[in-house]
Amino acid sequence: MARPASLSPMDPFADTLRRLREAFSAGRTRPAEFREAQLRGLGRFLQEHKQLLQEALAQDLHKSAFESEVSEISITQSEINLALRNLRAWMKDEKVPKNLATQLDSAFIRKEPFGLVLVIAPWNYPVNLTLVPLVGALAAGNCVVLKPSEFSRSTEKVLAEVLPRYLDQSCFAVVPGGPQETGQLLEHKFDYIFFTGSPRVGRIVMSAAAKHLTPVTLELGGKNPCYVDDDCDPQTVANRLAWFRYFNTGQTCVAPDYVLCSPDTQERLLPALQSAITRFYGEDPRSSPDLGRIISDKHFQRLRGLLGCGRVAIGGQSDESERYIAPTVLVDVEEMEPVMQEEIFGPILPIVNVRSLDEAIDFINRREKPLALYAFSNNK
């Protein structure tokens with residue numbers, strides 16, 4: 001028997017999305033002046049609530065003020081500045097060469113906003129990776145629904161409660177919540193979706209978008225290889241590796257995920273890595289103000305399971321009560337072990353031995369394409 005219309009579950013987002021679509025159709029977001037005003041509002045939000053954002057990031061990820069400034073706030077601010085500097089040029093029609101068929105026409109590319117854009121953001125850089133896509137969407141003259149991650153709860157709260165005061169609410173909305181809310185949003189038609197996160201959720205987003213033929217940008221993780229040649233200075237390599245592997249506790253999608261090198265290079269690299277870790281985080285990294293924590297219990301348990309792969313050469317300590325995992329290096333790691341199957345996304349660095357550059361290239365090519373690759377060598 002059909003359910004009476006009056007009892008159908010309310011769609012919590014229908015009114016919001018209708019309001020945004022109406023504003024877009026009315027042309028509100030198209031003028032350059034409007035776009036500039038939104039971008040400047042976003043800049044004011046960052047400046048006036050910098051401390052609030054830093055406190056939220058410290059609560060969510062134990063980020064130091066330095067880390068928050070470098071990797072979250074100043075990156076977003078420079079993206080805003082870039083958009084404000086170039087907006088008028090970006091909006092101009094672009095002349096294109098004519099061919100036989102268009103000889104008598106005027107041929108040009110006009111930059112049109114997509115319309116209603118959905119930004120689904122991750123928890124690891126919850127300011128940067130939420131607001132940088134927003135900058136692009138606003139600069140291009142779209143209306144935007146922002147879906148911050150529910151894992152970085154304190155940052156989500158600031159974005160949901162404070163940010164809307166700085167933007168035109170007829171053209172912008174924040175939707176807090178978890179997978180259920182994201183699922184409900186994805187049932188609606190958007191004109192563009194920007195998603196940052198795991199390949200698993202990326203598939204869900206892309207198949208939902210396909211129903212409406214909505215174009216998507218997926219920024220997904222991956223296991224980024226780091227090849228270390230035999231002719232390197234081990235301390236230089238170790239400093240750079242330790243800096244970026246343990247920054248944000250390894251929860252960075254472009255961090256080096258594993259090292260490929262010869263057994264001889266590994267011997268030289270290990271003491272250098274130990275010395276870099278001690279220099280950055282002290283004798284007891286757990287009490288260092290510069291080392292973050294794992295975002296959730298679920299991720300902590302997953303990472304603790306990976307500590308059993310290979311053999312722990314450096315670190316390996318963990319404390320469940322504060323979701324702490326020490327900066328760790330694993331050796332004697334086999335290709336088929338769990339730590340080599342998925343993106344680690346934590347402060348664990350496995351070293352895999354290869355006999356030659358060709359063997360390293362084959363190893364990398366056998367696997368899914370990563371986001372980044374790092375190579376240390378003095379050989380151009």
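A charge is taken to sit over a ring if NZ of Lys or CZ of Arg is within 6 Å of the ring centre and within 35 degrees of the ring normal. By this criterion, the charged end of Arg367 sits over the ring of Tyr258, 5.7 Å from its centre. The model is predicted, with local features needing pLDDT of at least 70 and side-chain atom pairs counting only at pLDDT 80 or more, while totals for chains, interfaces and linings use all residues. Residues are numbered from 1 along each chain as its sequence is written, and side-chain values use heavy atoms, with hydrogens and water left out.

The whole structure contains 7 aromatic pairs (rings of Phe, Tyr and Trp, the last by its six-membered ring, with centres within 6.5 Å; planes under 30 degrees apart are stacked, over 60 edge-to-face, the rest tilted). Phe114 and Tyr192 form a tilted pair, at 4.7 Å centre to centre and 55° between the planes. Phe114 lies in the loop between β2 (108–109) and β3 (116–120) and Tyr192 in strand β6 (residues 192–197), so the pair ties together parts 78 residues apart in sequence. Strands are DSSP runs (E, at least two residues), numbered from the N terminus. Phe114 is partly exposed, at 46% relative accessible area, whereas Tyr192 is buried at 17% (buried, under 20%; exposed, over 50%; partly exposed, in between; 1.4 Å probe, protein chains only).

UniProt, in an unreviewed entry, places the feature "active site" at Glu219; positions follow the numbering used here, feature names are shortened, and annotations may be inferred rather than shown by experiment. Glu219 belongs to strand β7 (residues 216–220) and is partly exposed, at 23%.

How values were computed: Helices (H or I, at least four residues) and strands (E, at least two) are DSSP runs, numbered from the N terminus.
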